[in-house]
Amino acid sequence: MNFVGIIPARYSSTRFPGKPLAILGGKPVIQHVYEKVSKVLDDVYVATDDERIKDAVESFGGNAIMTSPNHKSGTDRIEEAVNIIEKKFDVIINIQGDEPFIHKTQIETICRCFDDPETMIATLGRPFTEKDSINDLENPNSPKLICDNNGFAMYFSRNIIPYIRGEEKSNWINKFTYLKHIGLYAYRANVLSEITKLPQSSLELAESLEQLRWLQNGYRIKVGITHVETIGIDTPEDLKRAEEFITQHDRQ
């Protein structure tokens, strides 16, 4: 089975324009992501709608593909990129371009999900631990998920799932192994082609979570478990924290 990693990267961003080209530890954020993924996968591409990003990627020796500026999601951008690449792949991995600290074990885990022939789509979940607070669990910007006994997703929500009856909410995290959704996805090639043609679903619109569109249409999503927490770059403040993290790590 052969895999390809595709990193969708837009220049425009409401909270942080030009984010992929922001300098972190002396090099662009997108370069950090590309180099981390390249340590695991032989085939890696950045799919972008901006010449500045394409030029930056090619300047450090990476592969870049120009895609339409009109895509509504990274999934659609990845589908276009796959159709441009001449080589055919069994599985396409969608790596967020704002995750410069993505860990190789996370990519390896999502690849192993496809050892199960029933896996159509794969993603990751991180167990909440006693180090997490009820505020972490309640954060709507940190979606939660629940799985069946075979490791396939049953539902994703911005709310806490499941509800624990008869227990104080402050103690829920000690009574159940909640899973935080980690937004790394992988798709069988034929499935990627199918899901990009689906209209938005009622659950997706309610929660603003694209993966619910796939679940609602009957696609099975395998969930790999990771214990790694990464730092995503959504705002200039996140970039500052990431720079501080690198500086502290270099001192150790």
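The model is predicted, with local features requiring pLDDT of at least 70 and side-chain atom pairs pLDDT 80 or more, whereas totals for chains, interfaces and linings use all residues. Residues are numbered from 1 along each chain as its sequence is written, and side-chain values use heavy atoms, without hydrogens and water.

R241 forms a salt bridge with D238 (2.2 Å, N to O); the term denotes a side-chain nitrogen of Lys or Arg within 4 Å of a carboxyl oxygen of Asp or Glu. Both residues belong to helix 9 (residues 236-251), where three residues, about one turn of the helix, separate them. Helices (H or I, at least four residues) and strands (E, at least two) are DSSP runs numbered from the N terminus. D238 is buried, at 12% relative accessible area. A network of salt bridges with shared partners joins R126, D132, K180 and E229.

In total, the structure holds 17 salt bridges. Another of them links K54 to E58, with the closest N and O atoms 3.0 Å apart; this pair lies within helix 2 (residues 51-59), four residues apart. E58 is partly exposed, at 38%. A salt bridge also joins the side chains of E118 and R220 (2.4 Å, N to O). E118 is in the loop between helix 4 (104-112) and strand 7, and R220 in the loop between helix 8 and strand 11, so the pair ties together parts 102 residues apart in sequence. Both are partly exposed, E118 at 45% and R220 at 29%.

Strand 7 (residues 121-127) is largely enclosed by the rest of the structure, because seven of its seven residues are buried. I121, T123, G125 and P127 point one way from the strand, and A122, L124 and R126 the other way. Pairing of strands requires at least two DSSP bridges between them. Strand 7 runs antiparallel to strand 10 (residues 179-188), to which six bridges join it, and L124 stands opposite I182. Five bridges connect strand 7 with strand 11 (residues 221-225) in parallel orientation, with I121 opposite I221.

I121 is also among the residues touching the most other members of the largest nonpolar core, which has 29 residues; the others are I6, F156, I195 and W214. Such a core is a set of buried Ala, Val, Leu, Ile, Met, Phe, Trp, Tyr and Cys residues joined through side-chain atoms within 4.5 Å. Elements giving two or more residues to this core include strand 1 (3-9), helix 3 (74-84), strand 10 and strand 11. A second, separate core of 28 residues includes V33, I95, C111 and A186.

Key: Buried means under 20% relative accessible area, exposed over 50%, partly exposed in between (1.4 Å probe, protein chains only).
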